[in-house]
Amino acid sequence: YVGDTTDIIVMRQGLELIRKKLIGVLAKLSRFAEEYKDMPCMAYTHCQPAQPTTVGKRATLWANELVMDLQEIDHRLATLQLRGVKGTTGTQASFMELFKGDADKIRAVDASIAEEMGVTLIKSAYSTNIKERRDISTAIFDEQGNMVAQAEHVPMHLGSLLGIIKEIYKKFPPITIRKGDMFIGNDPYNGGGTHLPDITIAAPVFSRERLIGWVANLAHHSDVGGKVPGSTSGDATSIFQEGLKIPLVYLCREGVLNKDIVDFIQSNSRLPEERYGDLQAQIAANRVGIKRMEEAYGKYGNKLTASMAELQEYAERRLRAGIARLKDGVYNFTDYIDDAGIASPNPIKITVEVTVKGDELSLNFAGTDNEVAGPVNVTKNGLLATAFYSLKALIDPSIPSNAGIYRAFTVQT
């Protein structure tokens with residue numbers, strides 16, 4: 001593998017940590033194999049009848065597999081190479097010169113802010129849906145509204161917050177936005193999540209009078225009205241049957257809560273007290289994110305805001321490097337959903353054509369059936385999230401989640 005300085009540092013640290021843990025597990029397995037070498041047990045193999053064996057033999061088999069894994073890690077460590085000056089772009093070189101060792105720290109700070117927002121939301125929420133299922137997402141953004149870091153809670157949410165800030169800018173000019181403002185919405189076609197129960201709250205972050213970024217979080221509320229309790233109906237044929245549709249509006253204005261909005265949401269829910277508690281938890285999560293970003297800017301200054309663009313480029317480079325390892329070609333696959341309920345009883349086709357060329361990848365869903373009268377339709381952001389999660393899982397699970405990843409592949413519908 002050939003990469004930039006930050007790439008190599010992160011990969012080497014990760015591989016060495018995995019190697020250290022595997023050596024510890026191998027030592028325990030070896031002791032286990034010796035201590036229980038004659039203890040009888042059954043070996044289960046996928047789709048095969050169980051076979052009698054001993055614990056010692058099974059542990060020895062696993063230990064041998066670990067030895068092979070360690071050999072592979074040693075090989076990868078030996079082949080890590082630092083890209084030469086000739087292969088480094090001006091942006092990458094200037095970034096490394098600018099940060100002088102702070103690059104990894106700032107990247108970790110961005111991720112930790114998003115993670116702490118998620119912990120705050122989970123621990124402060126009222127509903128089981130958020131506290132136990134953790135059906136949430138939290139993220140931070142740069143001044144332009146590009147996602148910089150997102151805590152990874154629900155795979156489907158990896159792209160759900162992508163457009164929220166830019167949708168806010170369409171409705172509210174940046175010059176009108178003030179410190180202490182917060183915006184709320186749930187329309188999946190205009191900056192919301194994947195469906196109406198996903199309520200998003202976003203807030204700008206200022207340093208004195210300068211806008212330095214944004215924080216936002218999304219939470220699945222257990223009831224926002226609609227035809228059935230829980231707002232998710234298996235026989236819904238329209239989005240309006242799912243619940244209350246909230247356009248992007250001010251939830252807070254210069255630090256003052258717009259209680260009329262909260263009352264309106266509560267009056268349309270079967271669980272009004274729970275809605276109030278969860279909305280307050282979302283506001284609290286954003287306030288934590290704002291505070292942490294202000295602290296980070298106080299420590300790193302313009303390095304923090306300048307790093308946001310580089311972090312996106314870094315994610316793009318990582319994904320492109322993974323795509324480049326794939327074999328060039330055009331690949332097709334088609335599958336079917338059984339149906340979409342009573343109103344759409346026929347199978348629904350989902351087809352994709354994947355084209356790989358160098359470090360570029362495109363996904364074309366043009367052959368997929370049109371939307372149907374049932375609760376199975378997917379928004380564009382939901383499709384992007386699904387595509388990224390699949391690529392991330394298959395190519396490089398350690399790629400950071402930010403807007404840069406979406407520059408490495410295209411999606412047509």
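Glu254 lies in the loop between β10 and β11 (256-257). Helices (H or I, at least four residues) and strands (E, at least two) are DSSP runs, numbered from the N terminus. The structure is a predicted model, in which local features need pLDDT of at least 70 and side-chain atom pairs count only at pLDDT 80 or more, while totals for chains, interfaces and linings use all residues. Residues are numbered from 1 along each chain as its sequence is written, and side-chain values use heavy atoms, with hydrogens and water left out.

**Chain overview**

The protein chain contains 10 helices and 15 strands. Of its 413 residues, 47% count as buried; buried means under 20% relative accessible area, exposed over 50%, and partly exposed in between, with a 1.4 Å probe and protein chains only. Contact means heavy atoms within 4.5 Å. Among contacts between residues at least 6 apart in sequence, 64% join residues at least 24 apart.

Most residues other than glycine have a negative phi. Glu254, although not a glycine, has a positive phi of about 50 degrees. Arg134 also has a positive phi, of about 55 degrees, and is not a glycine. Arg134 belongs to the loop between α5 (128-131) and β5 (136-141), and its relative accessibility of 46% makes Arg134 partly exposed.

**The sheet**

An open sheet is formed by 7 strands in the order β6-β5-β9-β8-β7-β10-β11, with antiparallel pairing. At the edges stand β6 (147-150) and β11, each with a single partner strand, so one side of each has no neighbour in the sheet. Two strands pair if DSSP finds at least two bridges between them.

| Strand pair | Bridges | Sense |
|---|---|---|
| β7 (residues 182-185) and β10 (residues 249-253) | 3 bridges | antiparallel |
| β7 and β8 (residues 198-207) | 3 bridges | antiparallel |
| β8 and β9 (residues 210-220) | 10 bridges | antiparallel |
| β14 (residues 360-364) and β15 | 4 bridges | parallel |

In strand β7, Met182 and Ile184 point one way, Phe183 and Gly185 point the other way, and all are buried. Ile184 has Val249 of β10 as its bridge partner, while Phe183 stands opposite Ala202 of β8.

Strand β8 also holds Thr200, whose bridge partner in β9 is Leu218. Thr200 has a relative accessible area of 1% and is therefore buried. Leaving aside residues up to four places away in sequence, Thr200 touches Leu161, Ile164, Phe183, Ile184, Gly185, Gly191, Gly192, Gly193, Asn217, Leu218 and Gln282.

**Helices on the sheet**

Within helix α6 (residues 164-171), the residues Ile164, Ile165, Glu167, Ile168 and Tyr169 are buried. An α-helix has 3.6 residues a turn, so residues three or four places apart point the same way. The buried residues of α6 pack against β5, β7, β8 and β9.

Helix α8 lies across β5, β7, β8, β9, β10 and β11 and runs at about 30 degrees to β8. Axes are lines fitted to C-alpha atoms, for helices over the stretch in contact, and angles run from 0 to 180 degrees between N-to-C directions.

**Packing of α7 with α8**

Two packed helices are described by the angle between their axes and the distance between the axes. For α7 (residues 259-267) and α8 (residues 272-300), the angle is about 140 degrees and the axes are 8 Å apart. This angle makes α7 oblique to α8; angles under 35 degrees count as roughly parallel, over 145 as roughly antiparallel, 65 to 115 as roughly perpendicular and the rest as oblique. The residues in contact are Val262, Ile265 and Gln266 of α7, which meet Pro272, Glu273, Arg275, Tyr276 and Leu279 of α8. These contact residues divide into 5 nonpolar, 1 polar and 2 charged. In this grouping, Ala, Val, Leu, Ile, Met, Phe, Trp, Tyr, Cys and Pro count as nonpolar, Asp, Glu, Lys and Arg as charged, and the others, Gly among them, as polar.

**The strand β15**

Strand β15 (residues 409-412) has a covered face, made of Phe409 and Val411, and an uncovered face, made of Thr410 and Gln412. Gln412 is the bridge partner of Asn364.
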